[in-house]
Amino acid sequence: MCLASRVAALESPASMELAQRVRELRAAGVQLIDMSTGDPDFRTPPHIVEGAERALRGGRTHYGPARGDPELLEAIAERYAARGMEGLDPARQIVVTPGGKQAIFVTLLATLNPCDEVLLVSPCWLSYADMVRLCGGRPVFVAGDSRRGFRVTEEALERHVGKRARAVIVNSPCNPTGAVWEWEDLDAVRRVALRHGLMVISDETYDEIVFDGRRAVSMGEFADMRDRLFLINSFSKTYAMTGWRIGYVIGPAELMRGVLRAQQNTATCTAAFVQAAALAALRGPQEAVRTMVREYQERRDLVLGKVRNCSRLDCLPVEGTFYVLVNVSAVAADSRAASAYFLETGRVALTPGAAYGPGAERFLRLSFAVDRDSLHQGMARLIAAAEEAENRSGG
Ligand SMILES: Cc1ncc(COP(=O)(O)O)c(C=O)c1O
């Protein structure tokens with residue numbers, strides 16, 4: 001008995017190893033501050049929960065259309081129309097999925113042929129590469145420019161486009177870098193995609209979590225990309241709905257037929273009452289989102305201030321998301337060692353940069369999606385452990 005090679009080839013992600021160690025330490029009674037999570041500490045806003053409650057009481061506990069509830073599809077199309085992307089056909093171009101992760105997976109499943117290459121701008125969210133592999137493709141990492149928040153340049157992308165190149169995945173606002181890509185950055189990707197006939201998968205999961213009055217530009221704003229573009233989005237982060245499992249993909253009608261087939265034969269559909277909650281999220285008041293984003297921005301200021309005051313740590317600017325890449329090269333030789341050091345010495349968990357592909361080996365990803373008390377304690381532990389490392393090395 002053995003595993004299929006497509007699964008056996010997957011490595012155990014550094015983040016999972018960290019999660020396992022956190023569980024072990026907690027089980028042993030160790031008080032840890034976990035700053036490795038991608039899960040907002042906020043509760044889902046009450047009007048969203050009520051939307052699901054009404055649907056449950058109303059009997060929406062059965063199979064629904066595989067594509068999604070027509071009213072929700074309409075509301076998603078309206079959301080994009082309000083952002084200048086008019087003319088989306090909700091009945092042909094959108095599929096609601098159980099999570100943004102599933103949206104990416106069914107998109108890759110529907111579009112990749114064996115050995116197709118998918119360009120990933122590194123460092124990037126840890127699931128992309130393995131999802132590409134699971135779908136028979138080959139991830140090709142393209143190093144982002146470390147001097148510019150790891151945004152990719154046209155030249156770097158161009159150098160990595162081989163004969164088998166089929167798609168490129170972009171993610172702005174970016175997990176783990178916290179960068180929000182400008183129009184020109186996306187335009188560079190657009191030019192390469194048009195030149196080489198590549199599909200673009202634009203993961204815009206964090207598009208509402210942006211700071212300092214910024215707006216996240218969507219790849220969908222480039223009108224000439226519509227026939228090759230898949231937009232991925234999710235309710236998880238914007239509305240603190242990670243556990244509900246709901247996201248969606250928008251793409252060209254012809255190709256979305258394949259995405260729908262993949263969904264029909266895997267998840268069947270997204271739970272109807274969860275879709276009712278998502279509809280309440282889109283159609284209801286957005287004040288809760290603004291409150292969460294304001295709070296994230298204040299936490300961002302707090303974290304960046306503390307990190308920059310510590311002689312042993314440094315970090316990249318954070319324009320969106322709730323992550324900071326903290327440069328720990330003065331503390332340990334590589335990110336796994338640094339993560340282990342902070343966990344064992346400081347009792348604070350941060351994800352090794354190695355989890356995000358090549359380029360982030362000098363960094364740990366710190367998540368400030370934790371309550372203020374934990375954030376204060378976690379930062380104090382992080383700084384103290386960094387300074388202790390300095391004393392130990394005699395620095
Ligand atoms: C960049 C990015 N894309 C997609 C997702 C998927 O989120 P979900 O499956 O909860 O919608 C995540 C979750 O962490 C993410 O960080």
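Biologist: How do the residues of the lining of the largest pocket divide into nonpolar, polar and charged?

Modeller: On a 1 Å grid over the protein atoms alone, a pocket is an open set of points, where a 1.4 Å probe fits, with protein on both sides within 12 Å along at least five of seven lines, and lining residues have an atom within 4 Å of a point. Ala, Val, Leu, Ile, Met, Phe, Trp, Tyr, Cys and Pro count as nonpolar, Asp, Glu, Lys and Arg as charged, and the others, Gly among them, as polar. On that basis, the lining of the largest pocket divides into 21 nonpolar, 15 polar and 11 charged residues.

Biologist: What kind of model is this, and how are its residues numbered?

Modeller: This is a predicted model, in which local features need pLDDT of at least 70 and side-chain atom pairs count only at pLDDT 80 or more, whereas totals for chains, interfaces and linings use all residues. Side-chain values use heavy atoms, with hydrogens and water left out, and residues are numbered along each chain as its sequence is written, from 1.

Biologist: Which helix supplies the largest share of the lining of the largest pocket?

Modeller: The pocket holds about 1200 Å³ of space, a volume being the space filled by probe spheres set on grid points that are joined across faces, edges and corners. Its lining comprises 47 residues, of which S15, K101, W125, L126 and S127 lie nearest the centre. Helices and strands are DSSP runs numbered from the N terminus (helices H or I, at least four residues; strands E, at least two), and α2 (14–27), α6 (100–111) and α7 (127–134) each supply at least two lining residues. The largest share, seven residues, comes from α7.

Biologist: Is α7 largely enclosed by the rest of the structure or open, and which of its residues are buried?

Modeller: Buried means under 20% relative accessible area, exposed over 50%, and partly exposed in between, with a 1.4 Å probe and protein chains only. Six of the eight residues of α7 are buried, so this helix is largely enclosed by the rest of the structure. Its buried residues pack against α6, β3 (117–122), β4 (138–143), β5 (165–171) and β6. The buried residues in α7 are S127, Y128, A129, D130, M131 and V132.

Biologist: Is R300 buried or exposed, and which residues belong to its network of salt bridges?

Modeller: At 6% relative accessibility, R300 counts as buried, whereas D301, with a relative accessible area of 41%, is partly exposed. The two form a salt bridge whose closest N and O atoms are 2.8 Å apart. The network of salt bridges links R148, R151, D185, D212, R214, R300, D301 and E319.

Biologist: Which backbone oxygen does the side chain of R228 reach?

Modeller: R228 is found in the loop between β6 (199–203) and β7 (229–234), and with a relative accessible area of 16% this residue is buried. Leaving aside neighbours within four places in sequence, R228 is in contact (heavy atoms within 4.5 Å) with A193, L194, G197, L198, M199, V200 and P252. At 3.0 Å, the side chain of R228 reaches the backbone oxygen of L198.

Biologist: Where is the cis peptide bond from N175, and what is its omega?

Modeller: A cis peptide bond also joins S122 and P123, with omega about 5°, and P123 is placed in the loop between β3 and α7. P176 is placed in the loop between β5 and α9 (183–196). The cis bond runs from N175 to P176, with omega near 20°.

Biologist: What is the phi of A240?

Modeller: A240 is placed in the loop between β7 and β8 (247–250), and at 8% relative accessibility A240 counts as buried. In this residue other than glycine, phi takes a positive value, near 50°.

Methods: A polar contact is a pair of N or O atoms within 3.5 Å; within protein, one must be able to donate a hydrogen and the other to accept it, and residues adjacent in sequence count only if both atoms are side-chain atoms. A salt bridge is a side-chain nitrogen of Lys or Arg within 4 Å of a carboxyl oxygen of Asp or Glu.
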